[in-house]
Amino acid sequence: MATSRDQCGVMDDYFDNDYSDEDFEISGPCPMTSNSNPETMKVPLNSIKDKTMHEVSESWLQSLQDHPLVEDDAQVLKHLLDKLQALWGNEKTRKTEFSRKLCNFLLSAVNPFSATLFLIDSCKDFKTGKTTTTAFGVLKEFEKWLQTQGSKLERFETLDQATRKYAFHLATKYHTNFLELFVKAFDLRHAGNEYCLPRIQELIDNQKYKEAAVCASRLGLQHHFTLRQIVLPLLLQDKVNLIESYVYGQPSEQMALLKLLDHLCDKSTDLTEVTSSMKSDVPNIRGDKFHFKILSKLAVRLMKLYGIPPESCPNINNARNLGALRYLLYKKYIEKSLGDENWEELIKGSVSGNDWLIEQLVDQLVGYNEMGEAVKWARFYEIPDDRLSPDVVEAKLKMDGAPLSEPVAQEENWGEEVYSDEHIQSFYYSLSLPPSAIQVVDSRERLYRCLPHLSQVPGVIGVDSEWRPAFGSITTNVALLQMATRDQIYLIDILTLQNCLQKRDWDQFFLQTFCNPDILKLGYGLATDMQMILKTLPTLRPTLEKVKRLVDLEKLGNQVLGGLAGCCDDDDMGAVGGGLCLAGEELSDDDDDHGKAVPLVKVQPIIKSEEKGLSELVRQCLGKPLSKLEQMSDWQRRPLRPSQMTYAALDAYVLLELYDVLVTEARRSKREIDLEPSIGTKWLGKSKKQKLQSRIRGEKKKAQSSESRRRDVPAKEAVNLPPRTTPTTPQELTVVVDSMLQGLGKQLRSCGVDVRILENYEDHEKAIEICLRENRVVLTTRGPYERIQACVGKHNVFCVSHDKKAREQMKEVLHYFNVTVTQADIFSRCCVCNGDYYIQIPSFDMKQLWLRKQEQLCRIPKGKVFYPGTFDFPIDFETARLKESGVEVQVEAVPEAMFDKIDMFFLCGTCGKVFWEGTHFTRICENFSDVLQLDPAAKTVYKS
């Protein structure tokens, strides 16, 4: 009976596309075993089309060369495939017997490449494209086997063009899920692989642009296709990730892509017409994603990623710069948050060198009815009159003193009529230290002079940093690092010091300050500052990974002030009042409002109706907000203006005053508040650019937790769901504990519970990720309980009493989840790695392995340890490592005297730790007798 097309259609696509016989003129040794009987069989290529698909597979394999071929060799492969499918379907044999069976066959095969293709295409599950299929298992094991062979593969000499061509055909026959493995195993990315072009073109003709892009990029064939063939359809389908992968590592393609994006963003380009012209060729067009704003953002991101100058995309660059200019105009004339000096510095830095943008500046100022400013900038940049509007030319003539009918009217300045600069500054919190306390550190000598003061222990330092605002496609780095003590404020001039300090100087500075556990470092949004410092000084990553006691006052403020932080009633908007008042103390208008933990609460008018971030926290705690007029300064100018220096110094020094107020209020409220909330380690992760590069290289991206998008909320009293009523076993309970409950995690492991324990550097986001991915219950404490619950739900989180010892916490968890622990559960899991598989090794054999390890460690002479007979354990005796994983057996930790006392040792099959029965087992049973079902005759991990 003929075999169906779906089961084993090996060459059907080739025949459907009328490939010529020359495509199958394949030569090379037989793919079957080298022990085949020397009978000759040749299959005429013209006769293949009349055969069933399964017969075609056999015919193709049999026609690979002119060497002898036994008729039943195809049956050998069929029989092997049946065994492999049976082994793959069994979880216990999938990782061991399956690999061994396939590798043994490959070692004896004359043509392992062709045999593997036959096996893959003959798998019934190949069409699904899942990694749980036998076809994937065969391909994966074959690729691993090839890596172990090295130069031995020279004897095969069967990986010719025809074999590669057929491999690529299989890789794209139903899907491209296994393409990467096919490329590696059959070396498809090589010079002269243009034989794959017809298949890629076929995918394009069939409107499979995704698959075509993946194939072309994996094989390095992008230069054979135009942007209209692949890139433009992907743009219309909003498949940006594929485009980034497609042009990765191809500078010419990257430049062409940016030129295309710039053309699409030209005002003269009708995007609707482009969409309409491609409708017949491109399915599923996302018109809502194909517009100027999204395309220009993509272009800017790619320019940064590929290091291409913005000038390469003039249309997009001008549009972005115009947007930045409009933002500065808004800050100046609508929000009124830019001083005159700041305004002029930022304008010069934004428009200088761009004649078009300078003209836009003048036109925009006219739109704001700032004719005097428009004339000033027109004169400054010497714009010819023929490029100015008539209104500006007329105003310019009037201001030049020309005899016109009407004089130039003096512009009204409403701000000066209402408030003077001094009056305005009185509304804001000011620095309590004199200007002499501010020191600029801009040389190596000054850095080492201030270091002893900054590194005094115990100490508290306020930390902040400043960088120039980034507009358009301009990138920026930290220019100034502020560090404040109680009596001095140091402005570390990063911009200048980068030119005169060596890496060892930076290392010493950060090690003595940021990495000193006896010094508390305070910041507001400190993670962003640390991320920018790491970006500016990337060589300091190993040092910055050791930072200690970095505290974010934003988190502490949320915990102490609760919902008050960042919120004001409408009635309070016209006053600076509402500062934090400690209980038992009355406010007086006669009190001095500087340098005290209890602020003056005095009603005064303010300019703005809303203060945000650090400024709002200062208002609540110290009575007045911070002035942010210098926030958008050009921090790269040297020397800094006095107003910039005062602003920068206050931003660091005020953190010390805030911390005093928050700590006093936390202690007064008698609530359990973490007074040193860490900034975490997320800032140490990859930058956006690095993440993008990893993604387009095909590296696995970690799932982003919704926790990273949530603001920290104050700790609330956790309310667990009622205890579980259904009895369960330790093996059925799977949990993840955060780093604060590591002791609890080890206790639960000792009772046989499956526990993932977070490391000290892993935060609650990791616990949420593991919970969602592995369906584990999160065990945490009251602080992060609410945040975790919001992400995973009440059923997947349990709040453990934080004031109990680990042993009592363990009992609490077991009682809550109604877990019944037996003696067989004690130590059934490795307390070190959570492994549940032990290798039992008698004392004599373990002693021999111990001697072998002593020889490796040069503790005894080499060449004198030999094992009598076969070491019948899954361990390589020569290397003292587990055969499957290569993990080192930790036998050297066993005292030599124990080999005379212990009959049987237990080796963790996961981490290599060695255990044996001792008094600890008895103590555990006694300590946990109230949660154990004790039975003297019951089985244990040591007695089966």
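Helices (H or I, at least four residues) and strands (E, at least two) are taken here as DSSP runs, numbered from the N terminus. The model is a predicted one, so local features need pLDDT of at least 70, side-chain atom pairs count only at pLDDT 80 or more, and totals for chains, interfaces and linings use all residues. Residues are numbered from 1 along each chain as its sequence is written, and side-chain values use heavy atoms, leaving out hydrogens and water.

Let's start with the backbone. Most residues other than glycine have a negative phi, and most peptide bonds are trans. Here are some exceptions:

| Residue(s) | Feature | Loop |
|---|---|---|
| V457 and P458 | cis peptide bond, omega about -10° | P458: between α25 (444-454) and β2 (459-467) |
| R638 and P639 | cis peptide bond, omega about 0° | P639: between α31 (613-622) and α32 (642-669) |
| R549 | positive phi, about 55° | between α29 (541-544) and β6 (550-552) |

Now for a helix pair. The axes of α7 (residues 112-122) and α9 (residues 161-171), lines fitted to C-alpha atoms over the stretch in contact, come within 11 Å and cross at roughly 20°. The two helices are therefore roughly parallel (angles under 35 degrees). Their contact (heavy atoms within 4.5 Å) involves F113, S114, L117 and D121 of α7, together with T163, Y166, A167 and L170 of α9.

How values were computed: Axes are lines fitted to C-alpha atoms, for helices over the stretch in contact, and angles run from 0 to 180 degrees between N-to-C directions. Angles under 35 degrees count as roughly parallel, over 145 as roughly antiparallel, 65 to 115 as roughly perpendicular and the rest as oblique.
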